[in-house]
Amino acid sequence: MEGSEQRPNPDAADRQADATGQDRSQIIERVEEVATIGKRVADEAIVRVSTVTEQIEETVQAENMRHDVVIRRVPVDRVVTEAPGVRREDNVTIIPVLEERAVITTELVLVEEIHLISTETAEPVEVPITLRKQRFVEEREPSQGAPTTPMSDQ
């Protein structure tokens, strides 16, 4: 143990009587050990941790989709009993155009249809982009001779 010491205990006196009845004092000293704990600062190294961001130029390739519509007018000129609805056949959307004509009787005539033909084309494009990438950097510096002083126990 650090800092051990021995101390007498004066209160530990024992009194005994001998066979003749006289008091005979006998002092027996006891020894006590006391432990103390201390702290001290040890030499330390300085550690710096940081991240570094780098920029990397790259070219990304992708396809740019374009949607084109061609309008074509198709004459029909046919009498119908009721108005047909908009319909789709493959990639063509058909929109009926109607007209009422006065005759001895009123009849519904399909004058024409509008055909919208859809086509899609893909064309490659190259777009330059900047990517960021981080890496870990660790620097160790020895201490500048830091003293090793004991710290109090307060």
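Modeller: Buried means under 20% relative accessible area, exposed over 50%, and partly exposed in between, with a 1.4 Å probe and protein chains only. V49 has 54% relative accessibility, so V49 counts as exposed. This is a predicted model, in which local features need pLDDT of at least 70, side-chain atom pairs count only at pLDDT 80 or more, and totals for chains, interfaces and linings use all residues. Residues are numbered from 1 along each chain as its sequence is written, and side-chain values use heavy atoms, with hydrogens and water left out.

Colleague: Which residues make the nonpolar surface patch?

Modeller: Patches are made of residues with over 30% relative accessible area and no salt bridge; like charges are joined within 9 Å, nonpolar side chains (Val, Leu, Ile, Met, Phe, Trp, Tyr) within 5 Å. A salt bridge is a side-chain nitrogen of Lys or Arg within 4 Å of a carboxyl oxygen of Asp or Glu. Areas come from the Shrake-Rupley method with a 1.4 Å probe, and for residues only the protein chains shown count as cover. Here V47, V49 and F136 form a patch of about 300 Å².

Colleague: In which strand does V49 lie?

Modeller: Strands (E, at least two residues) are DSSP runs, numbered from the N terminus. V49 belongs to β6, residues 46-80.

Colleague: What is the strand order of the open sheet?

Modeller: Two strands pair if DSSP finds at least two bridges between them. The four strands run in the order β6-β9-β8-β7, with antiparallel pairing. At the edges are β6 and β7 (87-89), each of which pairs on one side only. Axes are lines fitted to C-alpha atoms, and angles run from 0 to 180 degrees between N-to-C directions. Direction ignored, neighbouring strands of this sheet are turned by 25° against each other on average.

Colleague: How many bridges link β7 and β8?

Modeller: Three, in the antiparallel sense, with β8 covering residues 92-102. E89 has V92 as its bridge partner in β8, and R88 has T93. The hairpin of β7 and β8 has two residues between the strands, and D90 takes a positive phi near 55° there.

Colleague: Which residue of β9 stands opposite T93?

Modeller: That residue is L116. Between β8 and β9 (residues 106-141) there are 11 antiparallel bridges, and a hairpin of three residues joins the two strands.

Colleague: Which residues does E107 touch?

Modeller: Contact means heavy atoms within 4.5 Å. Not counting residues up to four places away in sequence, E107 touches V79, E99, E100 and R101. E107 is placed in β9 and is partly exposed, because its relative accessible area is 33%. Its C-alpha atom is separated by 7.6 Å from that of V80, 27 residues apart along the chain.
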